[in-house]
Amino acid sequence: PKAKPFKIIKSYNAIDERVKISGWVHRLRNKKSLCFLVLRDGTGYLQCVLTGDCAKASANLTLESTVSLYGTIKKLPEGKSAPGGVELSVDYFTLIGLAPSGDESFTNKVQENADPSLLLDQRHLMLRGETLSAVMKVRASLLRSVRRFYDEEGITEVTPPCMVQTQVEGGSTLFKLDYYGEESFLTQSSQLYLETCLPSLGDVYAIQESFRAEKSHTRRHLSEYTHIEAELCFLTFDELLSHIEKLIVTAIHYVLEDPVAGPLIKQLNPDFKAPKSPFMRLEYKDAIKWLQEHGIKNEENEEFKFGDDIAEAAERKMTDTIGVPILLIKFPVEIKSFYMKKCIDDPRVTESVDVLMPTVGEITGGSMRIDDEEELMAGFKREGINPEPYYWFTDQRKYGTAPHGGYGIGTERILAWLCQRYTVRDCSLYPRFSGRCKP
Ligand code: 4AD
Ligand code: MG
């Protein structure tokens, strides 16, 4: 009899049809005359039952083997749960690739309680697990949603280079690169390139890998991460803040209503509450006060004072205690990047923002940019950076300057918050951090 090839997710609606479904054996329970298996094909999971000769022929089947199953999709009665509420009653199957048993078996390679670094060696196999693959599906949905938002806002996507000769976020985290004998770096941020696109393309964004040689091991630092960045012109600081808020609220809304990602978030993060605007706005100086009042100490284990960097631990304590998304604004000049615009009413601080989310802390950093050439030169000087290699960036201030601002979002950070993962490493396909560049 004829069988139509189906992907699992589509087969959920093919009740009583004879289908052919190919995939990997995800779970297996083999008795003499009965075999239950769960098949996985990347679109979903399918409960399958093999009886009679089919069950006998499946005696040597192993986890992660590939098979094509033929049979009829049956709707399960209420109360019996299986993915999609269906079961495949198998009447014929072919084996495509038999996975090893014994020492080399899949289960042996990915022992639940194995050393995390051994598990990372087996990342290619770990990706087949339900949790990690769910996070990767949510990730795809998030990037799709972000692009949809930008598209609806009329913001143009560009692809800046990854190999560069300038820094954006400080020399200490630059990855050096031998570029045909010239000193070059892997990009830390596409910001400067995005700024140069404003006069030709208007508001722009990029979703591009950024690289940081972060030596310390933390829950939220990777050496390579996917950076969502945008640059907007002719706007005020307040408009920039509203835009960032709208992006986060809208993109998360799209992900939650996505038929694939929405239910996965419910599994991964059952208590997740969609953020609503307006977010709380907290000035840096008031955050310092808050930290003092709550007895949280700075990096030197002293009371926080104006001018201190609010490092990861203190920032997370504050964010978790407050318990809602925060726009932390107006950081002092000294602890922020050379390109940030000063506030007119208080030149000690900048028109800058970090978005902080409970459990993760900073997921976004942004600011208005210095649009005056002389002031920018002073910024370079303060940071001890030679402005010459930046001529293409400073020219921006010469040939028709404009007020503008932008921001960068760490994809893995926003995912860690959304999917409730302990570390950003769980939100990256093949995480890179110091000591790990494989597989
Ligand atoms: O705060 P950052 O360093 O800001 C910039 O790079 C700006 N030039 C962006 C811009 O305005 N266009 O980085 C922005 C975001 C952070 O808020 C964080 O979410 C993420 O990028 N990020 C990292 N994520 C993972 N691993 C790292 N080592 C990260 N460093 C920054
Ligand atoms: Mg930052």
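Where is Ile344 found? Ile344 sits in the loop between strand 14 (326-329) and strand 15 (352-357); helices (H or I, at least four residues) and strands (E, at least two) are DSSP runs, numbered from the N terminus. This is a predicted model, in which local features need pLDDT of at least 70 and side-chain atom pairs count only at pLDDT 80 or more, while totals for chains, interfaces and linings use all residues. Residues are numbered from 1 along each chain as its sequence is written, and chains are lettered from A and ligands numbered from 1 in the order in which they are written.

Ile344 counts as exposed because it has 8 C-beta neighbours inside 10 Å. The cut-offs are 20 or more other C-beta atoms within 10 Å for buried, 12 or fewer for exposed, and partly exposed in between, with C-beta atoms placed from the backbone. Between the C-alpha atoms of Ile344 and Asp103, 241 residues apart along the chain, the separation is 68 Å.

Next, the backbone. Most residues other than glycine have a negative phi, and most peptide bonds are trans. Tyr180, not a glycine, has a positive phi of about 50 degrees. Tyr180 lies in the loop between strand 9 (175-179) and strand 10 (182-186), and counts as exposed because it has 5 C-beta neighbours inside 10 Å. Thr359, in the loop between strand 15 and strand 16, has a positive phi of about 80 degrees. With 15 other C-beta atoms within 10 Å, Thr359 is partly exposed.

Ser277 and Pro278 are joined by a cis peptide bond, with omega about 0 degrees. Pro278 is in the loop between helix 9 (261-268) and strand 13 (280-283).
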